[in-house]
Structures are given as C-alpha cells and as structure tokens.
Amino acid sequence: MTDRIAQVRAFVPGGGGGADYHDQPGGHWITGRVATPMALYPEYRETRTSFGIDVLGSVVVEVESESGEAGVGVSTGGVPAAFLIERHLARFVEGERADRIELMWDRMWRASLFYGRKGLAVNAISAVDLALWDLLGRLRGEPVLSLIGGAVHEELHCYATGPRPDLAHELGFVGGKLPLRHGPAEGEEGLRKNLETAAEMRGRVGDDFFLAYDCWMSLDLDYALRLAEGLRPYRFKWIEECLPPDDYWGYAELRRRTPPGMLVTTGEHEAGRHGFRLLVDMGCCDIVQPDVGWCGGLTELLRIAAYAEAHGVRVVPHGSSVYSYHFAVTRPSTQFVEFLMMAPAADEVVPMFRPLLLDEPVPVNGRLRVPERPGFGVELNRELELERPFAR
C-alpha cells in the first residue's frame, strides 16, 4: 500500500526571491519601470514595488509521508497562503494515501469555493498539489514527468523574458519577451517609445529570433490594437496579457482584429479549468499561459491543457521553473518554454527561483534538459530562514 501522509507544513522563507520572484532588492529590472494596471497613477509608475507587487512573498509547502519521505511545492502567497494551508487545506491531505492526488485536490477545491476560485486560495492549493506530486515521485523513485506520460522532447527550447533580448540572443535562446514600459496613461509619447524599443531590439537581434511584448494587464483594447498595428514592421510573434484577466470579451475582440501573423496570448493570471474554458471557447487567444503555481497546480494544469489542445489552442506555461518543465517536456504541442531572466540586469542565466531551491536546472545555450531525478528533482534550501507561522 502507498504511504499515507503524516503532516502538511507551510513555511515562509526570509531573504526575498524564490517563488515570489518579484520580491527582489532595489535595482532589479523586474521591479522597475514596467507598464502595469497601476501605471494609470503617476505615483505608482516608476517601480512595481511602489504599489506592493512584492508584498506577499513565497510560500513553501512540505508534505511528509509516514515513512519520512517529503515532497516540496512552492507558490506566491507568503503568510496568508500559509494560514490557508495549515488551518484549512491540510485536513484534506493528512491521513490520506499519497497516490490519491485527484481526491485531495477535489476536496481542497470544493472546500474553498466559498472564498477561493482564483488568486491566493488557488495559489495555496497549487503549492500543496505540487508538493504531493513531488512526494509521489520520490516514493516511487520516478521523476514527475514519468508519472504523467513521459518525455516527448529530449530537451526544451527556451525563450527569455527580460529587458535585454539582444543579450538573450547571444546566450542562445530562441526568442525574447520584453516587458512593455509605457501604458495608455502616457499617451502618444509612451506608445512611440514602446515602438522605438521594438525597432531597436529587432535591429539588434536580426530576423531569425522571435520577439514578443509582455503587457502585464496594463492596456485597454484601443491601445492594444494600436500597439499591435505599430509592431507590424518589427514582426513581433505575440503580444501578451494586454487586458485585465477577466475581460474575455476584450480579448476576443483583440484577437479578431490583431494583424495577421501576430498571436494573442494570455492566461498567466487565470486560474482553474473553468476560467481557461472561457478563454478557449470565446476565442480569446492563440496560446494560453497557465502558471502551474497559480492555476491550481499540476493536477489542474493537465486538465487545462487537455481542453485547450483539443480546441487547437497551444499551451506554453508561464514561468514556474522546474515545476512547469516536467509538464512541458511531456506535451508534443509545447515547442518552447519561458525562462525568466532573474539576474538583476538580465545579463546572465541564473536559477529562476534562487535561492529557494537547490539543483534547479537552467538552460545552456537556450536548451534545457529536465533532470530525471525522483519527484521534481530539486531540494529545498534549508540554509534559508524558514518560518512556520501557523505550526500545529
């Protein structure tokens, strides 16, 4: 009989970084000048930390079996997520067989519907779910990728997200996604600067390297359409997350009117199969980008992917490091994955969730081989300060 689960523990690491990769010291590109929904207000325009993008921090879940084996999952959520995990979700996991992941997921989801469905509660479920998959792989001595069908790619091709796609090109990545710096509140001058950046970067990387713009929910439909039209000469592959996540109607209209050859992508801040069903059924995008740490974990990501792929919509997960690599390497239609450039100046390749995880794989010359160690193949860095605020 498979081990039963003895305990669920939720930790909040100190020191920044980790799963909440926005929790960075000053001077990091990811917390600097990037277009956001809050850029409507000048006082919140220069940095993303000004409106609190780093306020939650990381949450780490450790699920231990009766035999003493432990699996680890991570997400964004910090102290509030730790509270939900220890005080509510743990009861649906502790005492259960470690291989009954679907049952545990369904109970957590149903029990949290009255306050959850998206956002923080689903982040918490995701972290628990990832820890359960990690544990099951360790108990069986297999990598998670083998538990969900096995690899179909020898290696993953990576594109780089960061402000320097020219450097990413030199490092061997297959494409680069820039953060949009100026939103609608900055008018024609801001739009002109966005297009000038696009022209400059296309000139630096040449024609055989794809470029995309990450708009991080900051635009309205009119501005997104004008941006897309202005990008035509620079052959951008896609524009990403232009509108607020719940504006399914706006996304559908954007996709209908985007210039031929340019893709519309979104889904980073969507959660659950029902939300992704709306994106697919309403024709909102060409690629969905669920984050395995935010959408409901690997259990829900597999359902999201099955639905999207059955309707001709590609799945390219958002960030999430090794936890998404084990998924992506098993999907024939996922031809590349995202790698967040987490060096402060985006000028070198460093582990995405550093310093939280040990043995976290990184791409070499833009290619990444997923380690076939048991579970997700990473270890929690126990030299970090790990606080358990709601220990039971």
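**Cavities, pockets and helix contacts**

Modeller: A search of the whole structure, which is a predicted model, finds three cavities of 30 Å³ or more. The largest cavity holds about 140 Å³ of space. Of the 15 residues that line the largest cavity, Trp29, Arg48, Thr161, Asp214 and Trp216 are the closest to its centre.

Biologist: What makes a space a cavity or a pocket?

Modeller: A space is a cavity because a 1.4 Å probe fits there but cannot get out, whereas a pocket is an open set of points. The space of about 140 Å³ was classed as a cavity, and the space of about 470 Å³ as the largest pocket.

Biologist: Which strands each supply at least two residues of the lining of the largest cavity?

Modeller: They are E5 and strand E11 (337–340). By class, the lining of the largest cavity has eight nonpolar, three polar and four charged residues.

Biologist: What lines the second largest cavity?

Modeller: The second largest cavity has a volume of about 80 Å³. Among the residues that line it are Ala19, Tyr21, Leu130, Trp294 and Phe353. Strand E3 (residues 70–76) gives the most to this lining, with three residues. The classes in the lining of the second largest cavity are seven nonpolar, four polar and one charged.

Biologist: Which residues are the closest to the centre of the largest pocket?

Modeller: The largest pocket contains about 470 Å³ of space. Of its 19 lining residues, the closest to its centre are Leu56, Asn123, Trp216, His269 and Trp294. Its lining has ten nonpolar, six polar and three charged residues.

Biologist: Which element gives the largest share of the lining of the second largest pocket?

Modeller: The second largest pocket, with a volume of about 170 Å³, takes the largest share of its lining, three residues, from H6. Strand E5 (175–179) and helix H6 (187–205) each supply at least two residues. The lining includes Trp29, Arg33, Arg164, Arg181 and Arg204. It divides into seven nonpolar, one polar and four charged residues.

Biologist: Why is H7 called roughly parallel to H8?

Modeller: Helix H7 (residues 221–230) and helix H8 (residues 248–257) pack at an angle of about 25°, with their axes 10 Å apart. Angles under 35 degrees count as roughly parallel, and H7 is therefore roughly parallel to H8. H7 passes H8 in a right-handed crossing. Leu221, Ala224 and Leu225 of H7 make the contact with Gly250, Glu253, Leu254 and Arg257 of H8. These residues divide into four nonpolar, one polar and two charged.

Biologist: At what angle do H1 and H3 cross, and which residues meet?

Modeller: The axes of helix H1 (residues 78–87) and helix H3 (residues 120–140) come within 9 Å and cross at roughly 65°. This crossing is right-handed. Pro80, Ala81, Leu84 and Ile85 in H1 meet Leu120, Ala121, Ala124 and Val128 in H3. The contact has eight nonpolar, no polar and no charged residues.

Notes. Residues numbered from 1 in each chain as written. Predicted model: local features only at pLDDT ≥ 70, side-chain atom pairs only at ≥ 80, totals over all residues. Heavy atoms only, no water. 1 Å grid on protein atoms, 1.4 Å probe; cavity = no way out; pocket = protein on both sides within 12 Å on 5 of 7 lines; lining within 4 Å. Points joined across faces, edges and corners; volume = space filled by probe spheres on them. Nonpolar A, V, L, I, M, F, W, Y, C, P; charged D, E, K, R; others polar. Helix = DSSP H or I, 4+ residues; strand = E, 2+ residues; numbered from the N terminus. Axes fitted to C-alpha atoms, helices over the stretch in contact; angles between N-to-C directions. Parallel < 35°, antiparallel > 145°, perpendicular 65-115°, else oblique. Left-handed = near helix turned anticlockwise from the far one by under 90°. Contact = heavy atoms within 4.5 Å.
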